[in-house]
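Please open the model in your viewer and keep the selection tool at hand. The stops below go from the overall fold to individual side chains.

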Amino acid sequence: MSRKMREKLMRVENSTPPIKETKEETLKRLFLENGLVKEDVYKDKRGFVIITRTGIDKIVSKQNISIAYEPVVMEKEWVVMRATASIKLNKNEARNMMSFGEASSENLMGGGKKFPVAMAEKRAMSRVVLKIAGFYEQGVFGQDEIVDE
């Protein structure tokens, strides 16, 4: 192939816009890539998608996500935990993400009120996992971070 033909082919290839997925296609791809099944996901009556605790755990396992926690606020009535997640992309690169989980008597229900530290940790984990795995940008939330109306 001549140099002119190669240059023309490169211009055509480079001028083609990338194909974009719809939100539904993106979610389907993410669910399949992370081994999620019907029982791991449900639609909240308020209109958003929720991934259960078992679904979050599957994502952590499938993506080999490492999570570190750090208490930010530890008071009797208010707990805030920071979660930092990391996914190894290849031998020399990693992607990192940080998020927070909070818990207080005002945003905990039933038995959860007895365990604010655990609930703050669960919420931080759900948020950081869904962020680093690409679910948050699609409007998906974790079961642990949703407060009932």
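**A tour of the chain**

Coloured by secondary structure, the elements run α-α-β-β-α-β-β-β-α-β from the N terminus on, with helices (H or I, at least four residues) and strands (E, at least two) taken as DSSP runs numbered from the N terminus. This is a predicted model, in which local features need pLDDT of at least 70 and side-chain atom pairs count only at pLDDT 80 or more, while totals for chains, interfaces and linings use all residues. Residues are numbered from 1 along each chain as its sequence is written, and side-chain values use heavy atoms, leaving out hydrogens and water.

Select helix H3 (residues 53-63) together with helix H4 (residues 116-132), which pack at an angle of about 55° with their axes 10 Å apart; the axes are lines fitted to C-alpha atoms over the stretch in contact, and angles run from 0 to 180 degrees between N-to-C directions.

Next, show Arg53, whose closest contact with Asp144 in a salt bridge is 2.2 Å between N and O atoms; a salt bridge is a side-chain nitrogen of Lys or Arg within 4 Å of a carboxyl oxygen of Asp or Glu. This pair links distant parts of the chain, with Arg53 in helix H3 and Asp144 in the segment after strand E6 (140-142), 91 residues apart. Arg53 and Asp144 are both buried, where buried means under 20% relative accessible area, exposed over 50%, and partly exposed in between (1.4 Å probe, protein chains only).
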